[in-house]
2 protein chains.
Amino acid sequence: MPADFDTIVNLAKKRGFVFQSSEIYGGLRSAYDYGPLGAALLRNVKDQWWRSMVQLRDNVVGLDSAILQSPEVWVASGHVASFSDPLVECTNCNTRSRLDKLDDPEQCPSCGMRGKFTDPKLFNLMFRTHMGPVESEENVVYLRPETAQGIFINFENVRRTARLTLPFGIAQIGKSFRNEITPGQFVFRTREFEQMEMEFFCAPDESQQWFEYWLDERRSWYLDLGMTADNLRLRPHGKDELSHYSSGTSDVEYAFPWGWDELEGIANRSDFDLKAHADRSGKDLRYFDQPNNERFYPHVIEPAAGATRTTFAFLIDAYAEEIVNEDTRVVLRLDPRLSPVKAAVLPLSKKPELMEISAPLADRLRHRWEIEHDVTQAIGRRYRRQDEIGTPFCVTVDFDTLEDQAVTVRDRDTMAQDRVSLDKVEEYLAERLPA
Amino acid sequence: MPADFDTIVNLAKKRGFVFQSSEIYGGLRSAYDYGPLGAALLRNVKDQWWRSMVQLRDNVVGLDSAILQSPEVWVASGHVASFSDPLVECTNCNTRSRLDKLDDPEQCPSCGMRGKFTDPKLFNLMFRTHMGPVESEENVVYLRPETAQGIFINFENVRRTARLTLPFGIAQIGKSFRNEITPGQFVFRTREFEQMEMEFFCAPDESQQWFEYWLDERRSWYLDLGMTADNLRLRPHGKDELSHYSSGTSDVEYAFPWGWDELEGIANRSDFDLKAHADRSGKDLRYFDQPNNERFYPHVIEPAAGATRTTFAFLIDAYAEEIVNEDTRVVLRLDPRLSPVKAAVLPLSKKPELMEISAPLADRLRHRWEIEHDVTQAIGRRYRRQDEIGTPFCVTVDFDTLEDQAVTVRDRDTMAQDRVSLDKVEEYLAERLPA
């Protein structure tokens, strides 16, 4: 049972995970800024993806390509011609809607009038801008609508310089932009968003096997990071949903408060992209298979995840309320690898004799982890705050510490407390905080 | 003595640090893609900045604000009115130039004709695009030309939710965009680039002291990461260079092959930005100082570094050629924390009995570090490649390993070799590879 949408949005705002962008100017629709905790959570999600997809693998390398690319890239990929949504406008209230997303294609979802729509127009979702001082058609460039094409156009550069042989992958994390007609659901669908994409190149006759391999790997990634299995599913696309180039696509979906929705698409893209860029650029982008002395276009399996919406899903999934001593305790049961703060160091009071111990302890632990040295408010309120932001451990320096040179370490989930010698705190945490 | 410009650019291309963006389509001027090694180096530079500026500090928090912000932000900041360069066009050859950067303000640097320039026009450097389906003036948004304003507009949100008291800092890393008339010098000046900025808010009467503190801290950061002291300097801006709001600015400069040029600017911005946003938005952005019961605008010290150009400077600074056995050895003496690959595991040959030891060893080490398992070519060539990409350690599995269960670990800088027991390799590297 997923948490209530408004509860999560309110927690995100109250604790500084996510703010409306440009809020002091009334906000910019569908753009969000990640506050200290949100930036840390998003960063941890991306780091875990990178660790799992690049660092731990022998056959996947990273890339960081530009947001501004030659317009030819988007001609070749098909985005200029057909990356568009059908747009209708209600002549009664002037609300614009995406025709293909309406429950009733005649009725305006805003004012409720029927039969008042204009004829649908195709609206290209790429943001256009101009490079250089003159705003002419020949200077048009687009903000990339996906990171994937930056990988395809560098296929040969990367293969050659990293001396890769099939099968291999190229992974990248970065911002993409889509001029959505109807963004919404908080950070789930925004015009500016962050992707984590990997293109895995393989021999054509092995593509089905690798497709299944990546379905399994990607599903496991979410589960390994603590996502509730019942809230996660793989949904194969029906024939009518498949892109023309894809011989198979499955979405990883999460049970969001508004229903099942996509976190990631895993697609068998065949040789569509490399062929399209070879055709358009006139370059030979085939792979030379030395052992068999033959040239061919590799096929591609693409696991493409949304970093921002995945972060949102982890936040929702971690949220729990429980009754403790007749009080409601809110706790974010984030996997410690995702927690923005790994441990909070809390002197019981602001008395100098406690601060003289707690401050250097916090500084020492900071060399390994993100630490908060939180000195204000009653200790109970500080525990509650750390529970709400998902901090796995609270380390309390109290007056007994002056006698026994030990601190109390409280576990977020069990609320059990251990007394740990001051010089063993780092070791204690290291055993419980994996990389 | 800095390395030759072309040598570095060629190494960057040959080894896959940096590629021209959209190269298969003839390239997009002044845009670059970071290949596997360049993406890793850039990532390590950013991670070290974040560790030094956020993780290790008690009074600095992170932020990740949107690239697309309300246009009001850029009106308040002064960018809409005056973030512009004087542009002239040669009527003989149509080359556009920045008037303020010309050695001779009458002579075209392209065709050499004098007195053929048009009257100068002010050209705003912000990229413009439109949000939503209609390209009208009221839908104009800009790509941010700096990350700093995203921090100022969130000052109050961050202060409140993170419960910060002065002095404190808000740090952010991210892409910015400037429509430069004359980009150049490889990745040094590009239209799309990445910044690492921190705004440090303090009491007005403490601003000079904090300005000096940050000058010192920031200079030390480059030196601590191994940059040659003689290639680094702090250059205070002259009175004529100072922005109207700044009471002091110093640049951290590096001795690039073309001369001293900026890596980072450290500015005392006074209360200019918070006041400007308070005036424009009508919000009270003053800080309430509880102990003294007074409200005031904090002053701001801003260390603003370029991530991409800093990465370039580390690459140049690390480059060395030395004569070894009458051969020239090229070696990147990168600080191990910046090295894209921390250790290469090299079986002496592709024989299965060696690969059966080297592959699992590489997989084990990968849990802690970026590892290459490099099995192709003669061992000497593989050493040379690892030297060229700055890998601190090569771990070689040879036929003796089958007997003594030990490997040879070669140090990049000294080329000294240690024989290390297979089960002690991780410990050996951990002692020599700091976080």
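This is a predicted model: local features need pLDDT of at least 70, side-chain atom pairs count only at pLDDT 80 or more; totals for chains, interfaces and linings use all residues.
Visitor: What makes the relation between chain A and chain B a two-fold axis?

Guide: Chain A is superposed on chain B by a rotation of 180 degrees with 0.0 Å of shift along the axis, at an RMSD of 0.1 Å. That is the relation of a two-fold axis. In chain A, the residue whose C-alpha comes closest to the rotation axis is Thr129(A), at 2.6 Å.

Visitor: How do you know that the copies meet through the same surface?

Guide: Of the interface residues of chain A, 100% are also interface residues in chain B, so the same surface is used by the copies.

Visitor: Why are H2(A) and H9(A) called roughly perpendicular?

Guide: Helix H2 (residues 36-55) and helix H9 (residues 307-318) of chain A have axes that cross at roughly 110 degrees and come within 9 Å. Angles of 65 to 115 degrees count as roughly perpendicular, so H2(A) is roughly perpendicular to H9(A).

Visitor: Which residues of H2(A) and H9(A) meet there?

Guide: From H2(A) come Leu41(A), Leu42(A), Val45(A) and Lys46(A), and they meet Ala307(A), Thr308(A), Thr310(A), Thr311(A), Phe314(A) and Leu315(A) of H9(A). Sorted by class, this contact has 6 nonpolar, 3 polar and 1 charged residues.

Visitor: What makes Lys14(A) and Glu388(A) a salt bridge?

Guide: Their closest N and O atoms are 3.5 Å apart. The limit is 4 Å between a side-chain nitrogen of Lys or Arg and a carboxyl oxygen of Asp or Glu, so the pair qualifies. Lys14(A) sits in helix H1 (residues 5-15) of chain A and Glu388(A) in helix H11 (residues 379-389) of chain A, so defined as helices, and the pair links distant parts of the chain, 374 residues apart.

Visitor: Why is Glu388(A) called buried?

Guide: Glu388(A) has a relative accessible area of 11%. Buried means under 20%, so Glu388(A) is placed in that class.

Visitor: How many salt bridges does the whole structure have?

Guide: A search over all chains finds 80. One of them joins Arg98(A) and Asp100(A), with the closest N and O atoms 3.0 Å apart.

Visitor: What does the salt bridge of Arg333(A) with Glu322(A) tie together?

Guide: The closest N and O atoms of Arg333(A) and Glu322(A) are 2.4 Å apart. Arg333(A) lies in the loop between strand E18 (327-332) and strand E19 (343-347) of chain A, while Glu322(A) is in strand E17 (residues 319-324), so the pair ties together parts that are 11 residues apart in sequence. Both belong to one network, made by salt bridges that share partners, together with Arg329(A), Asp387(A), Arg410(A), Arg412(A) and Asp413(A).

Visitor: Why do Arg333(A) and Glu322(A) count as partly exposed?

Guide: Arg333(A) has a relative accessible area of 34%, and Glu322(A) has 21%.

Visitor: What does H8(B) pack against?

Guide: Helix H8 (residues 272-281) of chain B has as its buried residues Asp273(B), Leu274(B), Ala276(B), His277(B), Ala278(B) and Ser281(B). They pack against helices H3 (71-76), H5 (148-152) and H6 (155-161) and strands E10 (192-202) and E13 (259-270) of chain B. After H8(B) comes Gly282(B), with a positive phi near 75 degrees.

Visitor: Which residues have a positive phi although they are not a glycine?

Guide: Among them are Asn293(A), with a phi of about 50 degrees, and Ser30(B), with about 65 degrees. Asn293(A) is in the loop between strand E14 (287-289) and strand E15 (294-296) of chain A. Ser30(B) is in the loop between strand E1 (18-20) and strand E2 (32-34) of chain B.

Visitor: Are Asn293(A) and Ser30(B) buried or exposed?

Guide: Asn293(A) is exposed, because its relative accessible area is 59% and exposed means over 50%. Ser30(B), at 9%, counts as buried.

Conventions: Residues are numbered from 1 along each chain as its sequence is written. Chains are lettered from A and ligands numbered from 1 in the order in which they are written. Side-chain values use heavy atoms; hydrogens and water are left out. Axes are lines fitted to C-alpha atoms, for helices over the stretch in contact, and angles run from 0 to 180 degrees between N-to-C directions. Helices (H or I, at least four residues) and strands (E, at least two) are DSSP runs, numbered from the N terminus. Angles under 35 degrees count as roughly parallel, over 145 as roughly antiparallel, 65 to 115 as roughly perpendicular and the rest as oblique. Contact means heavy atoms within 4.5 Å. Ala, Val, Leu, Ile, Met, Phe, Trp, Tyr, Cys and Pro count as nonpolar, Asp, Glu, Lys and Arg as charged, and the others, Gly among them, as polar. Buried means under 20% relative accessible area, exposed over 50%, partly exposed in between (1.4 Å probe, protein chains only). Copies are superposed by least squares on the C-alpha atoms of residues with pLDDT of at least 70 in both.
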